[in-house]
Amino acid sequence: MSVLVNAIVLLGMLVVVPAGLRLTGAAELDRIRRLWPLFAVPGAVSLWLPRGTAATALAVCYTLGAVLLALHAPHRLLRRSPSRSTAPAEIALLTALVTPSVAALALVAERSGHTLFGFGLGILALTVPHFHFAGFAAALVAGLVCRVADSAAGRFAALSVPLGTLLVLIGYFIGDRAELVGAVVLTAGMWTVAVLTWRSVRTGQRDRITRTLLAVSSAVLAVTMVLALSWALGEATGLPHPTLAWMAATHGLGNALGFALCSVLAWQRLRDRTDPVESRTA
């Protein structure tokens, strides 16, 4: 399972995060996006080294980049008008900027071989991909969908995905039932993203590749979130549910390749066909 999880994290660090930052259209993120390989490559290398000083030092390099990215969130929040700062799409983007730092903190602890807040190394290892994909990628795509589908459903998606992610994080500390509540909220938000992607974003696209990527991301998301919900329900109630290894091979891999990668590729194709001046207004 560790090899699979490391490969998923590698995809998040080296591909999904920098590609996602480009999709924001935010000029202030251009510099951190260009510098991202300087932080992500050491972090990626740390995954494949034995736990210890070298792996920890490389993980710290990645954490530095993630923290620099997270610092853009308060800066962006303060320089925006109150109405713009509390807009659902903006909240989703702010969440995307912050969540890699949570993953990076877990990575440092796991690579050093130390528990963090009472969580064992196995949970910490799974926290890293979770906050790259259920955190960064999910919030980013929810915000992009909200911009296109400016409706009650779009706003619900952009708000419920960050809220669900936060509730899942809080559930780590409170208990399985609280984590289940977070999983329900996150699943509702992600299902809404899937429906809106299928109905509002995919519809009308003439490019077959873009339509296919959007269709795959919607279909995969619908299935993988059922798995997430079943696992959280099983943990909270004791009902039979998939093992962590099975979840990594299905839910984790599906979200990484089927949802996150297909989504950023599709949205990149959509962005490339947009007026460059317009893309900077986001």
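How many nonpolar, polar and charged residues does the lining of the largest cavity have? The analysis rests on a predicted model, in which local features need pLDDT of at least 70, side-chain atom pairs count only at pLDDT 80 or more, and totals for chains, interfaces and linings use all residues. Residues are numbered from 1 along each chain as its sequence is written, and side-chain values use heavy atoms, with hydrogens and water left out.

The lining of the largest cavity has 6 nonpolar, 4 polar and no charged residues, where Ala, Val, Leu, Ile, Met, Phe, Trp, Tyr, Cys and Pro count as nonpolar, Asp, Glu, Lys and Arg as charged, and the others, Gly among them, as polar. This cavity (a set of points on a 1 Å grid over the protein atoms alone where a 1.4 Å probe fits but cannot get out, with lining residues having an atom within 4 Å of a point) holds about 40 Å³ of space, the volume being the space filled by probe spheres set on the points, which are joined across faces, edges and corners. Its lining includes V141, V193, F259 and W267, and α9, α10 and α11 each supply at least two of the lining residues; helices are DSSP runs of H or I with at least four residues, numbered from the N terminus.

The whole structure contains 2 cavities of 30 Å³ or more. The second largest cavity, also with a volume of about 40 Å³, is lined by T24, A89, L93, L140, G143, L144 and R147, and the largest share of this lining, 4 residues, comes from α7.

Of its 34 lining residues, L126, H130, Y172, W231 and H251 lie nearest the centre, and by class the lining comprises 24 nonpolar, 7 polar and 3 charged residues.

Y172 also belongs to an aromatic cluster with F117, F119, F131 and F173. Aromatic pairs, defined by ring centres of Phe, Tyr and Trp (its six-membered ring) within 6.5 Å, with planes under 30 degrees apart counted as stacked, over 60 as edge-to-face and the rest as tilted, number 5 in the whole structure. The ring centres of F117 and F173 are 5.6 Å apart and their planes stand at 65°, so this pair is edge-to-face. Because F117 lies in the loop between α6 (88-112) and α7 (121-148) and F173 in helix α8 (residues 152-174), the pair ties together parts that are 56 residues apart in sequence.

Key. On a 1 Å grid over the protein atoms alone, a cavity is a set of points where a 1.4 Å probe fits but cannot get out, and a pocket is an open set with protein on both sides within 12 Å along at least five of seven lines; lining residues have an atom within 4 Å of a point.
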